[in-house]
Number of protein chains: 2
Amino acid sequence: MRAVDIIAKKRDKQELTAQEIEWFIQGFTRGEIPDYQVAAWAMAVVLNGMTNEETVALTLAMARSGEMLDLSLVAPTAVDKHSTGGVGDKTTLVVAPLVAACGLPVGKISGRGLGFSGGTLDKLESIRGFRANLTREQFLRQLAEVGVVVCGQTADLAPADGKLYALRDVTGTVRSIPLIASSIMSKKIAAGARAIVLDVKVGLGAFMKTLAEAEELAKLMVEIARQTERKAVAYLSDMNQPLGVAVGNALELREAIDTLQNRGPRDFEEHCLEIASRMLVIGGQSSSMEAARLVVEQALRNGAAWQKFLAWIEAQGGDLEVVLDPQKLPRSEIQREICAPVSGYVHRIDAEKVGTAAVLLGAGRAKKGDAVDYGVGIEVHHKVGEVVHKSDPLFTVHANTEADIQKVGDLLSEAVVIREEPAEPPVHFYGVIE
Amino acid sequence: MRAVDIIAKKRDKQELTAQEIEWFIQGFTRGEIPDYQVAAWAMAVVLNGMTNEETVALTLAMARSGEMLDLSLVAPTAVDKHSTGGVGDKTTLVVAPLVAACGLPVGKISGRGLGFSGGTLDKLESIRGFRANLTREQFLRQLAEVGVVVCGQTADLAPADGKLYALRDVTGTVRSIPLIASSIMSKKIAAGARAIVLDVKVGLGAFMKTLAEAEELAKLMVEIARQTERKAVAYLSDMNQPLGVAVGNALELREAIDTLQNRGPRDFEEHCLEIASRMLVIGGQSSSMEAARLVVEQALRNGAAWQKFLAWIEAQGGDLEVVLDPQKLPRSEIQREICAPVSGYVHRIDAEKVGTAAVLLGAGRAKKGDAVDYGVGIEVHHKVGEVVHKSDPLFTVHANTEADIQKVGDLLSEAVVIREEPAEPPVHFYGVIE
């Protein structure tokens with residue numbers, strides 16, 4: 001086989017065989033096929049697409065390119081969740097201990113934030129002492145002993161995906177539904193997941209801007225799971241406005257703590273209850289969504305989830321003092337409110353603009369490797385559909401300098417649309433794909 | 001500007017500005033934009049195309065990426081020719097001294113063979129002592145003093161094109177009419193040409209297999225010339241069967257010598273007379289094709305072209321002894337005839353198969369840097385439309401081993417189609433684009 005022939009075949013809209021894809025990806029992983037050939041191939045995939053069979057083959061080739069975690073000795077059905085990324089999405093912080101508290105172990109490999117959407121590890125690292133880097137052995141031991149573990153990539157999971165993503169990022173080849181689907185699913189498969197709840201965000205603050213493309217991605221990921229003998233259910237959930245109130249690392253961690261203590265924002269709590277229930281069902285722990293919901297609500301209401309959260313954070317070296325007294329979490333120097341210029345109904349709170357403002361304050365990364373500031377961020381005090389009165393606070397900006405406050409002021413003002421006529425609260429879940 | 005945005009723009013079928021193309025190509029030339037970004041961009045160009053304006057900008061950016069030869073002090077209108085490559089195409093060997101003998105200096109940068117089509121420099125190097133590598137100063141001096149010079153790239157002409165072509169070759173991005181047109185024209189412009197006769201080959205033994213794509217390429221190159229204030233005329237010429245009789249380095253050189261001595265094959269002589277006449281016209285030396293034809297025929301018939309050839313070869317160090325007695329040119333160990341299996345009319349002599357057979361014998365290169373064998377090759381004794389009788393020789397194979405003769409026997413037999421019904425001789429020039 002020659003790499004140039006595989007590229008030409010895809011350029012000419014022909015279907016690649018599983019053998020060709022396997023050979024190409026393993027050659028790339030070992031450094032035998034150079035970046036420039038893979039970049040040309042990726043552009044051909046972006047423009048000519050891939051069949052479901054090709055996408056499954058690519059997913060498996062990337063999953064097999066490194067170690068494959070086997071969680072079967074620790075968890076009968078290893079269950080995982082994945083969000084395609086949004087603004088204010090701190091769901092894992094609540095759902096992981098919540099599901100674990102219901103008796104189903106959750107061992108999750110997570111990522112850091114990039115661009116306008118935050119990363120679970122950054123939020124966890126706002127807890128003094130929290131260790132996001134675990135060895136494979138530490139990961140497995142904690143999963144067995146505590147029932148919940150969330151960390152960064154242990155060693156060598158799906159290295160082909162890491163390499164390919166880095167290349168796509170700089171070659172204009174990120175926007176491809178088959179490439180996005182196989183990237184997500186290869187990591188999940190390599191990390192040992194047997195059942196996966198997918199949360200595909202759609203809207204202004206999501207990578208997928210239209211329901212049609214979100215649905216296409218969701219269906220493709222569910223199909224990949226089916227063809228690789230995993231279970232997957234995908235939610236299509238709204239990301240036009242931020243999820244919950246808090247956007248920013250320590251602010252989001254604090255909101256997760258509030259939610260685990262039954263005083264979180266209603267939209268975010270409801271999101272967590274739905275995702276957690278679904279995890280129990282596809283993990284084989286509950287027989288129906290109704291049954292799962294009862295179990296999950298109980299674990300949240302009776303403090304079992306909160307206790308599991310504490311055990312989890314402690315196991316990864318996090319300082320419980322700051323978790324038990326969130327005033328001790330990193331805080332910004334200045335807090336400043338931005339108020340409604342007029343009275344009326346909230347028609348829009350643009351999640352991407354809010355996310356971008358948080359990055360400008362220092363909460364996120366413009367590029368990989370940038371440091372993040374845990375204390376800064378934005379609280380969003382209203383939801384689309386609500387009534388606001390002139391001078392009501394719309395946002396609280398947590399920043400370190402007056403200049404930073406200035407920097408995001410216009411962007412946040414532009415993010416909000418208030419009109420006299422009433423606005424419908426948006427649907428939160430547009431659909432579920434099984 | 002960011003390279004990734006330029007790639008994304010082309011991916012999204014938007015037109016790039018001349019500034020963007022210039023920045024991208026100069027960054028690539030200086031090694032600041034890595035191969036993988038250029039490979040992704042090239043694939044986007046292959047699949048989404050380029051406008052004429054983009055193609056002109058790319059041509060100029062590549063031409064300006066290195067030195068630009070200025071021939072104006074030596075030749076009032078520097079005239080050049082370019083063939084897109086065919087089997088048995090030794091036209092430059094005749095046309096360069098022929099046009100020079102008519103008083104119009106010809107300074108030409110030429111290439112080596114790759115794949116089934118041969119290269120002018122390889123043919124010239126079958127002359128003992130011939131120097132294909134000249135400095136810029138040697139090139140200009142010889143052009144002034146002798147009136148004709150043909151050599152490999154002097155130093156640094158259009159280095160962006162060289163770099164881009166090498167990358168396209170291994171990334172499946174060769175097949176793009178805008179990229180092919182800008183590659184050819186950038187080198188011609190950098191080499192100082194003000195007027196160019198283009199010979200776009202079409203057919204089995206050409207890179208362009210259909211008249212439609214050959215015409216598209218020809219029109220685009222003529223348009224690039226117009227927009228860059230050069231003159232160009234393009235011929236669409238048949239390359240279903242080889243041009244002339246000889247295929248292989250020393251064999252083709254010998255055929256060029258025969259032609260300069262008025263005993264060459266008729267089809268090849270006619271091809272040379274037409275191209276040379278057109279060069280005189282667009283070079284401003286003749287006022288019409290009819291006038292040019294008279295001058296050119298005279299220079300061929302009276303030996304002036306042959307004398308100019310000798311002066312040229314001597315100036316570049318070639319041993320005149322072997323030119324004056326072509327028996328002394330490199331010869332293969334074995335010559336073997338392949339004869340007609342039946343009587344009838346020749347319907348096809350597949351130029352690509354003949355060219356591939358010559359490469360298998362060692363006359364060409366499978367990949368860059370391979371050595372070539374000057375003595376081997378194939379003589380093709382018939383043209384499409386001719387009558388052959390059973391056992392008439394169709395080919396003479398010049399090889400070094402019996403095994404090599406075996407190796408090409410089937411391929412050459414397959415190259416020929418003989419049928420009972422008469423065959424029309426093919427048109428040689430399908431059209432001229434001005």
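Arg301(A) and Glu297(A) both belong to helix H13 (residues 289-301) of chain A, where they sit four residues apart, about one turn of the helix. Helices here are DSSP runs of H or I with at least four residues, strands are runs of E with at least two, and both are numbered from the N terminus. Arg301(A) makes a salt bridge with Glu297(A), with the closest N and O atoms 3.7 Å apart. The term salt bridge stands for a side-chain nitrogen of Lys or Arg within 4 Å of a carboxyl oxygen of Asp or Glu. Side chains of opposite charge can pair when their charged atoms come close. Over all chains the structure holds 62 salt bridges.

The model is predicted: local features need pLDDT of at least 70, side-chain atom pairs count only at pLDDT 80 or more, and totals for chains, interfaces and linings use all residues. Residues are numbered from 1 along each chain as its sequence is written, chains are lettered from A and ligands numbered from 1 in the order in which they are written, and side-chain values use heavy atoms, with hydrogens and water left out.

Next comes the interface. Contact (heavy atoms within 4.5 Å) involves 20 residues from chain B and 20 residues from chain A. About 1,600 Å² is buried between chain B and chain A, and carbon and sulfur atoms give 74% of that area. Buried area is the accessible area, taken with a 1.4 Å probe, that two parts lose on being put together, summed over both. On the side of chain B, the residues that lose the most area to chain A are Arg11(B), Tyr36(B) and Leu47(B), together 36% of what that side buries. Helix H1 (3-11), helix H3 (35-48) and helix H8 (159-169) of chain B are the elements that give two or more residues to the side touching chain A. H3(B) supplies the largest share of that side, ten residues.

Across the interface of chain B and chain A, the rule finds zero salt bridges. It does find four residue pairs in polar contact there, both residues at pLDDT 80 or more. A polar contact is a pair of N or O atoms within 3.5 Å; within protein, one must be able to donate a hydrogen and the other to accept it, and residues adjacent in sequence count only if both atoms are side-chain atoms.

Chain B superposes on chain A by a rotation of 180° with 0.1 Å of shift along its axis, at an RMSD of 0.1 Å. The two copies are therefore related as by a two-fold rotation axis. In chain B, the C-alpha nearest the axis belongs to Tyr36(B), 1.9 Å from it. Both copies use the same surface, as 100% of the contact residues of chain B recur in chain A. The superposition is by least squares on the C-alpha atoms of residues with pLDDT of at least 70 in both copies.

Chain B also has an open sheet of four strands in the order S6-S9-S11-S7, with antiparallel pairing. Strand S6 (246-247) and strand S7 (334-339) of chain B stand at the edges with a single partner strand each, so one side of each lacks a neighbour in the sheet. Two strands pair if DSSP finds at least two bridges between them. S6(B) is joined to strand S9 (residues 377-380) of chain B by two bridges. Ala246(B) is opposite Glu379(B), and Val247(B) has Ile378(B) as its bridge partner. Four bridges link S9(B) to strand S11 (residues 393-399) of chain B, where Glu379(B) stands opposite Thr396(B).
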